Amino acid sequence: MTSNKNEIILIDYNSDINSLKQIFKNHPSAKIFPLDYSTEEMLKTQKISCEKNDFLTDDDCKKIDTIAYDLVTTWYMDKNLNEHLTFEKINFGYLIEIELIQYFINIVSKVFLAKNIIDVYHPDIIITSSQINEYISNICNKKNTEYISIATKDESLVLENLNIKLNMAKIPVSFKISRQKYHSLKNFSENLFLSMSNSKYKTSNNKKSILLFEFNTELYDELFLELASKNKNILLLNTRRPSIWNLKTQKIISKTNSKIVVLDSYKKNIQQKIIKKQNEIEEKLIDLFNRDDFFENIFLLNSISLWPSIKNSFFEICKSRFLESIKRIYLFKEFLANSEISVILIWAETAQEEKELIHIGKEIGIPIVLLQHAMAASEDIFSKSGRFISHLSYSSLTDNQVVWGIPAEEYANKKNQNTKILPVGSPRHDKFFKFKKTSSKSNVILFAPTKPAPLFSKNLTNNSVRNFINFIKEVIVIMKKFPDKKLLIKPHPTPATSVNVIDIAKQIDPKISFTYDSDILKLIDNSDLVITTNNSTIALEAMMLKTPVISLQTESSALEENIVKENAVLSITELKELETTLQKFFNDDNFKKQLLANSDIFLKKYFLNPGSASKILSKILDQI
């Protein structure tokens, strides 16, 4: 079928490629626009040519972020919804902000992108296979443009499917698993260990307990050891991550006589209560979400409502997460009522589970302490996104907040009016400061890329993702020019990412060395240089081990961070700079010494009590 009309096809990753192939065949002259990078890659794999979708300006991205942030943080406060979404004095919508932010950034980005493409090309016919089909249909109606819609699957949350990365007998293994299967596997493995040990927390013995929530046992081993010297139970409650997953974590739990709280073990007396309330809330949600008149105005964008486009997926997301919350809130209440908890320590407070526990803990008067866990915390560029990432730029929910140093304390005091700021240092990094480098020249270059944070729409544009991937490819290509050096890749451990760094690397070098090993101390110790992207936390850890760092700044926002401004890392912003910089690094010892000197000055400024923060924090927790 041929046509003289100006036709465009808009598609995203929710599309079914088999359904689209017939459309492409019937409309051979149509310009195809992928609305996200994953779709662009999918079309490339299928050898289907498409247009680049570089139609978002910096100003567009700022508007997208503002709109998405506002939607995520205000929709549930609408007068028609608030009381229907409130359970145990907490609003369900508030609990899931952190997961909804990327959901809405994706959707609003597609709206802006589609509108800009339409405004540029003035098509006679628009064919769409996207989550925003209904929204584009309304645009077409207003413009009197012919419109063809292809059905898609519904959008899901980012953490609905997880990418697990681990080493099994030194062999790196990666696999995808659904959120539900992951939790089943986590519970099975944990219960298996607990059945063979005496580490399960069963009941209060009238001794006060310190509760650590969602902690990575291996990262905070020094803190566990220090807490073990206090006359209190050490309880570990992890609802997302496993408490034990290898021999090392098993030894830490056993050595410190820590007890693992299995939340499901508290459901025996309240199981029927949970089911009854879940059924009751589900019925109310079905009735509520069928009130289109409530939602259409809330999700209004450019005088057109997003609601018809998001209704089904948004309802399923809310129903799933809200029913999870009901169960956990009842279980948290049951657990805390039967335990003598003197203080709760958390390392983040923005996720659904943390918000639930903080709310209940504060209701019954348990002091809660938040532990700073990331560096990007005292730059104004993060002030908006701080609400979603537990950074110091947003007022904390907790009673006390432990920070790494004086600059963090000064910045946090400006933002956190109701929270006591405690400059202690970083317990997570005690072992890094105390570590004595054992390797001399190894010729190993550790490459640890981290995809830009998905909390900014600019970071999700095809240009941004393409730039990030091009840097990865360039590192691998250039390192081949240094045959005396060995490149070792360690991808970021995050379970939710759309960019598979190892697959990209293997396209260039099928024999590339890589690892998912979590023993970062040994990896850095055995490396002459660490190359990372956008100032990932591994940059700090390398600096602590006197290993120089090159940070590939694939996003302009990374240049605003203090670690860059104070020259603690060597920043590269252009691909063409990489080879000459590496040449200079490998051949100029003074260049390397100056970088290490800058790194040392930075660490002394931003970190108090290097090597002893765990000891100081354990004393504070013991006295609360």
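Tutor: Two residues are in contact here when heavy atoms lie within 4.5 Å. The model above is predicted, so local features need pLDDT of at least 70 and side-chain atom pairs count only at pLDDT 80 or more, while totals for chains, interfaces and linings use all residues. Residues are numbered from 1 along each chain as its sequence is written, and side-chain values use heavy atoms, with hydrogens and water left out.

Student: Which residues of α20 and α23 meet?

Tutor: Leu540, Met543 and Met544 in α20 meet Ser599, Phe602 and Leu603 in α23. Helices are DSSP runs of H or I with at least four residues, strands are runs of E with at least two, and both are numbered from the N terminus.

Student: Why is α20 called roughly perpendicular to α23?

Tutor: The axes of α20 (residues 537–544) and α23 (residues 589–606) come within 9 Å and cross at roughly 105°. Angles of 65 to 115 degrees count as roughly perpendicular, under 35 as roughly parallel, over 145 as roughly antiparallel and the rest as oblique, and α20 is therefore roughly perpendicular to α23.

Student: What makes α20 a mostly covered helix?

Tutor: Seven of the eight residues in α20 are buried, namely Ile538, Ala539, Leu540, Glu541, Ala542, Met543 and Met544. Buried means under 20% relative accessible area, exposed means over 50%, and partly exposed lies in between, with a 1.4 Å probe and protein chains only as cover. Just after α20, Lys546 takes a positive phi of about 60°.

Student: How do you know whether Leu570 is buried or exposed?

Tutor: Leu570, in strand β23 (residues 570–572), has a relative accessible area of 18%, and because the cut-off for buried is under 20%, Leu570 is buried. Not counting residues up to four places away in sequence, Leu570 touches Val549, Ile550, Ser551, Thr581, Phe591 and Leu595. Leu570 and Leu595 are 25 residues apart in sequence, yet 7.2 Å apart in space, C-alpha to C-alpha.

Student: Why does Gln553 count as buried?

Tutor: Gln553 is placed in the loop between β22 (549–552) and α21 (562–565), and its 3% relative accessibility makes it count as buried. Leaving aside neighbours within four places in sequence, Gln553 is in contact with residues including Asn534, Asn535, Val564 and Ser571. The C-alpha atoms of Gln553 and Val564, 11 residues apart along the chain, are separated by 9.6 Å.

Student: Why is Met196 called exposed?

Tutor: Met196 is in the loop between α7 (179–195) and β9 (209–213), and at 65% relative accessibility Met196 counts as exposed, because the cut-off for exposed is over 50%.

Terms used: Axes fitted to C-alpha atoms, helices over the stretch in contact; angles between N-to-C directions.
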